[in-house]
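Hi there,

Here is the structure I promised to pass on to you. Have a look at it first, and then read my notes below.

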Amino acid sequence: STLGARHIWYDDTVMRLNTDQRGLYIGAFKEDDRILTLMRSGFYKLMSFDLSNHFEEDMELIEKFNPGKALTVVYYSEPKKAYFVKRFIPEPSDKKVCMYPEEEGNKFVICVADKRPQLRLEYDNEGAKKPVDPEELILDEFVEVMGLKAKGKKLSNHPVSAIVWLDPIPVEEEEEPETETEADDEPVDENEVETDETDETDETGEIDLPEEEESATVADPLGIKEPKTPKEPKEQKERKEPKEPKKSIAPKEIKAPVEIVRPHVNPPDFPDDDDDAGAGIQMTLF
């Protein structure tokens, strides 16, 4: 439930948060909720939702931090002439944190926050005796979640000529259960309810259930029960806030030995009719 939460948007024209529904909708925030930002330099940073916050100019993605969701990082190792992938859950920190091993010859390629990202590897078959066909990898199946300092897993032993990022596999968002306290849900004292051990079934096959009587009701001497007072309808549940839209920002191409291609991300539809609502940050490859 988002009752009492503060709804936050990000306006990339001024690089500031706001509550005026300008720019990209980030989410509903309470107390210690944080904002996750990813930088093209290979760092992440967790921030509060204070409207005075300043954001990095090379910010690639901004979204509400989910402490249970892993990030997926790809980097290139010059000494090993190979690409590596790792998945990890960000650790709490007030400073910028590097997402790949800071060793000489390592070059950051990309980080995505999709739950089930996938990519296609295209291979350099020049001079190869046996050409290798392109291969698609579902990364959450290819590599398990590791620690922040882990080096990851090699993408392939064959020479890679291109990495093409595919649309992530859709994942159904789990809704938080709503808890409501109502009088009808309170336990009923067995002494206040008439029970019939032998429930009879009529010709229609429906079971005649025993009717409840309030303890303050006086029994009718003729044995005729008063009609049961209909229960007041439950209050309509609070209207749920729309699910947080996916906020994925296409990263710029990092200077690496091969071509890195990612599909164009269409701006998602956001609630409200504000013309600026839903305008995500779009960054193109170069």
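Let's begin with a pair of charged side chains: aspartate 20 and arginine 22 form a salt bridge, with their closest N and O atoms 3.5 Å apart. A salt bridge here is a side-chain nitrogen of Lys or Arg within 4 Å of a carboxyl oxygen of Asp or Glu. Side chains of opposite charge can pair when their charged atoms come close. Asp11 joins Asp20 and Arg22 in a network of salt bridges.

Before we go on, please note that this is a predicted model, where local features need pLDDT of at least 70, side-chain atom pairs count only at pLDDT 80 or more, and totals for chains, interfaces and linings use all residues. Residues are numbered from 1 along each chain as its sequence is written, and side-chain values use heavy atoms, leaving out hydrogens and water.

Aspartate 20 is partly exposed at 48% relative accessibility, and arginine 22 is partly exposed at 31%. (Buried means under 20% relative accessible area, exposed over 50%, and partly exposed in between, with a 1.4 Å probe and protein chains only.)

Lysine 69 and glutamate 63 also meet in a salt bridge, at 2.9 Å from N to O. Lysine 69 is buried at 16%, and glutamate 63 is buried at 7%. The count of salt bridges comes to ten.

What about disulfides, meaning pairs of cysteine sulfur atoms within 2.5 Å? The count is zero. Cysteine 98 is buried at 11%, and cysteine 111 is buried at 2%.

Happy exploring!

Notes
Disulfide = S-S within 2.5 Å.
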